Amino acid sequence: MRSHETVEEWARTAEFPEPIVWGDVEAGILTREPRKGPGLPVGMWVRVVLAWVGIAAFVIVVFGASLFGLVFVILGNVIQGLGWDWDMAARVAFVVAILVEVPSFLTWLETRRRSAMSTAVSTLTLVASVAAWIVILLGEGFSISWLSLFVTVAAVSALVVLVLGLRSKPEGRPKNRIPPRRGPRGYRKRADYTDARAQVLQILQKRRLVTVDEADEQRLKEMPLGYWEELDGVDEKEWRRILEYRHVGWRDFDESDRRAWPPPRAEDPDTPRQGAGRSRRGHGG
């Protein structure tokens, strides 16, 4: 059962130990219903959707440029007299395909590792380029042109990157540095709790229970939801490191870092709170 007391009312009237125990503060927030924030207006949702569609289209066009080039080559050999320069479109597509291989090659030079993404793109470029060459030979016979030159360079560059990658070790799996999600799953609900946590932080500062500068205040607001408890029981150096690495993870995480939702009520003394049992020393600035 959730507390009917609002988060702000609780933060203004509750008795907190000094120094503050950050985990207890956040647990108190998560066991109360946050004030619902205004939803995004329809116009904003439309802009967000259009932005994601644009990003997806850009990725498809750039990384699939060789496939588009192959299509243009085929159309140029099948459809005639429609006033469209298929040859120019194919040339542009294969130039883009060549340019895509450049960062893949430079990345390999730096890491000497095989990237799954690079391997997939290089394979697509090589296959599409060879297929385009076959179509050109069947349609026009052997001839030296800008299109055949770009198709050849695309095929060779893709082959080089592909061979180098296949002869290299695959990229090692990155350690799990992203904190597992805690709190509600819904975006709107998470945003409401994040806003409530920011409000509580302001209230605690007004009550002079917490003293942090403007930069640390922003870092505390950006901490992953449900992870303020990590700031308890640490020295100043570790406190600083956690806040500095809040976006990329400050340690390795595993399944034990997950928490059930909803959490047990913080007011119930018989129910162990999430993360209870850890030695904590609050940091009040």
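Helices here are DSSP runs of H or I, at least four residues long, numbered from the N terminus. With that in hand, welcome to the tour; the model you have open is a predicted one.

**First stop: T31**

Select T31, which sits in the loop joining α2 (22–30) to α3 (42–63). Is T31 buried or exposed? Its relative accessibility is 1%, and buried means under 20%, so T31 counts as buried. Now show the side chain of T31: you will find that it reaches the backbone oxygen of A27, at 3.1 Å.

**Second stop: α5 and α7**

Next, select residues 86–111 for helix α5 and residues 146–166 for helix α7. These two helices pack with their axes 9 Å apart, at an angle of about 25°. Because angles under 35 degrees count as roughly parallel, α5 is roughly parallel to α7. Their crossing is left-handed.

To see the contact itself, show side chains on both helices. On α5, pick residues including F94, V95, I98, F105 and W108. On α7, the contact residues include W146, L147, F150, V151 and L164.

**Last stop: the whole protein**

Zoom out and colour by secondary structure: there are ten helices and two strands, in the order α-α-α-α-α-β-α-α-β-α-α-α along the sequence. Of the 285 residues, 38% are buried. Finally, among contacts with a separation of 6 or more, 77% link residues 24 or more positions apart.

Terms used
Residues numbered from 1 in each chain as written. Predicted model: local features only at pLDDT ≥ 70, side-chain atom pairs only at ≥ 80, totals over all residues. Heavy atoms only, no water. Buried < 20%, exposed > 50% of the residue type's maximum accessible area, 1.4 Å probe, protein only. Contact = heavy atoms within 4.5 Å. Polar contact = N/O pair within 3.5 Å; in protein donor to acceptor, adjacent residues only side chain to side chain. Axes fitted to C-alpha atoms, helices over the stretch in contact; angles between N-to-C directions. Parallel < 35°, antiparallel > 145°, perpendicular 65-115°, else oblique. Left-handed = near helix turned anticlockwise from the far one by under 90°.
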